[in-house]
Amino acid sequence: MIVNDTKLPDLPPPSSTSGIIGWLRINLFSTPFYSVLTLVVGYLLWSTLIPAFQWIFIDSDWVGDSRDACTSGGACWVFISVRMDQFIYGFYPETEYWRINILFVMLALLIGALIYEGTPKKGWIAAFALTAFPVISFFLLYGGSFGLEVVETHKWGGLSLTLVLALVGIVASLPIGIFLALGRRSNMTAVRSFCTVFIEMWRGVPLITILFMASVMLPLFVPEEIDFDKLLRALIGITLFQSAYMAEVIRGGLQAIPKGQYEAADALGLSYWKKMGLIVLPQALKIMIPGIVNTFIALFKDTSLVLIIGLFDLLAIVQAALSDPKWLGYSIEGYAFVAFVFWVFCFSMSRYSQYLERKLHTGHGAR
Amino acid sequence: MPSDVNKGVAPSSKPKFWNDPDKRAMLFQVLMVLTVLGFFAYIISNALYNLEKRGITTGFAFLDQSAGFEILLALLPYDATYSFGRTFLVGLLNTLLVSFLGVILATVIGFVMGIARLSQNWLVNKVATAYIEIFRNIPLLLQILFWYVAVLQPLPLPRASIEIGGAFLNNRGLYLPWPVFESGFSLVMIALAIAICAVVWLLRWNHKRQDATGERFPVLWTSLALLIGLPLLVYVLAGSPMSWDEPVLKGFNFKGGATIIPELMALLIALSVYTGTFIAEIVRSGILAVSHGQTEAAGALGLNKSKTLRLIVVPQSMRVIIPPLTSQYLNLIKNSSLATAIGYPDLVSVFMGTTLNQTGQAIEIIFMTMAVYLTINLIVSMLMNLYNKRMSLVER
């Protein structure tokens, strides 16, 4: 009788299920249909991505100061680099660029501090970002005090204007949105119906019509001595539009707070504003951050609509540069640049909001 | 005060009226209504004064005046002699046209990409992910301008058109052959109507039979055969009463056939590609929302893969998909107003743009335009609520 008392070495897994071959078999060629699909999609990608890559990176021109530098037949990034200052700062006087740069640095620091988890006193930083920072920005950008030269708003443009529109839109719409959301859930009929009508009206129409309304009708609604700035009109329109969307996000957050919290606050004898300000809103605002970031992404993309009422945001200023007779025919490069800038901003924000959603999702739901 | 407690005196039975929540709420609401009314009275009086000063008469009389401008694309008979009221209708129809086509295209793209995103095939999965992440994060207006300025405008002149199987593509648009129906074609339409009736009857009959006996009839294939076969048979029997009107190059441009102007093409591509990304995400999460136990239960009951998908997964995921899908459709309709950036004659471009510039009737025109979008919104949300009521689970 033969007894083997030593364990035989494990056989390696069959080569068809491990290594590169196994990966290919499982992920690309598992069934005949998938094999055909892989080949077709692979061919399409190969035949489009390779020329695109060549056009963007290999055959392209990066340095120079006029279109004569673009000789190699690929993308002409010189068009972008020559006008980079204009695309970022608009028509802002060159000697005053430092003012915008300071704001960029402050903004980056604030965002960094708010995103980093270990920052102490986050609440105060957020409060600073929502109240003092806009005021400082206004005085720096517009000037007129502290010995700064006044820069009229029609000189603002490019990426800095896009950021101004988006940030003012979000900062101004947050408090309005909170009041609208509270109003929509109020017991008082008049308040509730007013807030509901307000929210649904702005949510039901396209942003363009609101911008048109702000730019054409606002001047009619005020006494003629008051002269509204074009940028201010656009900002009012964007804020009205955004606050309606913000209100719906906040309402979602308010609804997610368990009823027991409201009842406990009532039982403690807190007044309405104390109940909301100390118990409900702090909890609701925290779970609403992903939603707020998502509406901010939508708003950031929507700021490009001001092109239609004649403001020069990033897209509009590139669009204007495309019709410069010295640089005709580089529209793809121009749009690709704008698309890239918007994409970087929006993609990173959407990743951040997804990360937050995962972090906040501590329940036992299916995921 | 402790002395009060000892005496056990009840607090005065009637609180001061500013401490009574009901009365306070009433007062607050009255104040708010008065403020809102006062605000409106203020802006209306300002507006009336300003309009009078600029010599603009208010009212809707301008709708009967003759417009005096041409419109690039009109689904109704239209030329410069028609009234501003007609321009409103023409613009509205153009908005509805691009929205309708956009909704169909975006749904197709969205469902294909949403399913591809769940595919086991690594390459297909990654392509779908890349598509969604790229096009969702680029502003729609930029995409519209890109397709129009960077892709469609540099196309060759009509003489050097690109030919795609009988259709011609050049910088003036896409020229398609268009069917011309001859006298006998009504028979084919009647056959199609009969086929549709037969399919409806078949569906009901199948449902009843399944309830009674548990057997299923292959409805899909028989109804497809009915819908295609019957009209085709009549078409052949009637002697092919249809011909194609082919576009032909005459002088500087094509004549005949149907034309899709580049403005419509650019808007349509951009709208459906952009909205498609959102629909794809909705479809993906809808399918993932059907719990795995459902698929396993279907397998345990002995249903095959396609039946599991058709009878178990799709009906349940549709319940999750349809509400957000509707709001994407509404977004698409609202976003179609970006047409004005490239000059596609939609409602905003024709009415709020050109008509407003010519007449100066800002208030009337902006309210009419907003009212159109609000009405569309209200109708769709009402339908949506009806659907939700029908579909909602009956909970015990």
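Why does A:G334 count as buried? Keep that question in hand; the tour comes back to it.

**Before you start**

This is a predicted model: local features need pLDDT of at least 70, side-chain atom pairs count only at pLDDT 80 or more, and totals for chains, interfaces and linings use all residues. Residues are numbered from 1 along each chain as its sequence is written, while chains are lettered from A and ligands numbered from 1 in the order in which they are written.

**Stop 1: chain A**

Select chain A. It holds 16 helices and zero strands. Helices here are DSSP runs of H or I with at least four residues, strands are runs of E with at least two, and both are numbered from the N terminus. Chain A has a radius of gyration of 28 Å, well over the 21 Å from the globule rule for 367 residues, so it is more spread out than a compact globule. That radius is taken over C-alpha atoms, and the rule is 2.2 Å times the number of residues to the power 0.38.

Now colour by confidence. pLDDT is the predictor's confidence in each residue, from 0 to 100. The average for chain A is 85, and 98% of the residues score at least 70. Helix α1 of chain A (residues 19-27) has the lowest confidence, with a mean of 81. Helix α13 of chain A (residues 259-267) has the highest, at 91. Where pLDDT is low, predicted coordinates should not be read in detail.

**Stop 2: A:G334**

Select A:G334. You are in helix α16 of chain A, residues 331-360. A:G334 counts as buried because it has 26 C-beta neighbours inside 10 Å. The cut-offs: buried means 20 or more other C-beta atoms within 10 Å of a residue's own, exposed means 12 or fewer, and partly exposed lies in between, with C-beta atoms placed from the backbone. In chain A, 31% of the 367 residues count as buried.

Show the neighbours next. Leaving out residues up to four places away in sequence, A:G334 touches A:F79, A:V318, A:A321 and A:L322. Two residues are in contact if their C-beta atoms, placed from the backbone, lie within 7 Å. Then draw a line from A:G334 to A:F29. The two are 305 residues apart in sequence and 40 Å apart in space, C-alpha to C-alpha.

**Stop 3: chain B**

Switch to chain B. Its secondary structure comes to 12 helices and eight strands. The radius of gyration of chain B is 30 Å, well over the 21 Å that the globule rule gives for 396 residues, so this chain too is more spread out than a compact globule. The C-alpha trace of chain B spans about 105 × 75 × 45 Å along its principal axes. Of its 396 residues, 28% count as buried.

**Stop 4: the sheet of chain B**

Which strands form an open sheet in chain B? Select four: the order is β1-β2-β3-β8, with antiparallel pairing. Two strands pair if DSSP finds at least two bridges between them. The edge strands are β1 and β8 (258-260) of chain B, each pairing on one side only.

Zoom in on β1(B), residues 162-164. This strand pairs with β2(B) in the antiparallel sense over three bridges. B:E163 stands opposite B:F168 in β2(B). Two residues lie between the strands of this hairpin, where B:G165 takes a positive phi near 50°.

Move on to β2(B), residues 167-170. Its covered face is B:F168 and B:N170, and its uncovered face is B:A167 and B:L169. β2(B) also pairs with β3(B), residues 173-176, in the antiparallel sense over three bridges. Here B:F168 stands opposite B:Y175, and B:N170 has B:G173 as its bridge partner. A hairpin through two residues joins β2(B) to β3(B).

**Stop 5: where the chains meet**

Show both chains. In all, 45 residues of chain B are in contact with 45 residues of chain A. On the chain B side, the elements giving two or more residues include α2 (21-53), α10 (305-335) and α12 (362-391) of chain B. α2(B) gives the most, with 11 residues. Colour this side by class: 31 residues are nonpolar, 12 polar and two charged. Nonpolar covers Ala, Val, Leu, Ile, Met, Phe, Trp, Tyr, Cys and Pro; charged covers Asp, Glu, Lys and Arg; the others, Gly among them, are polar.
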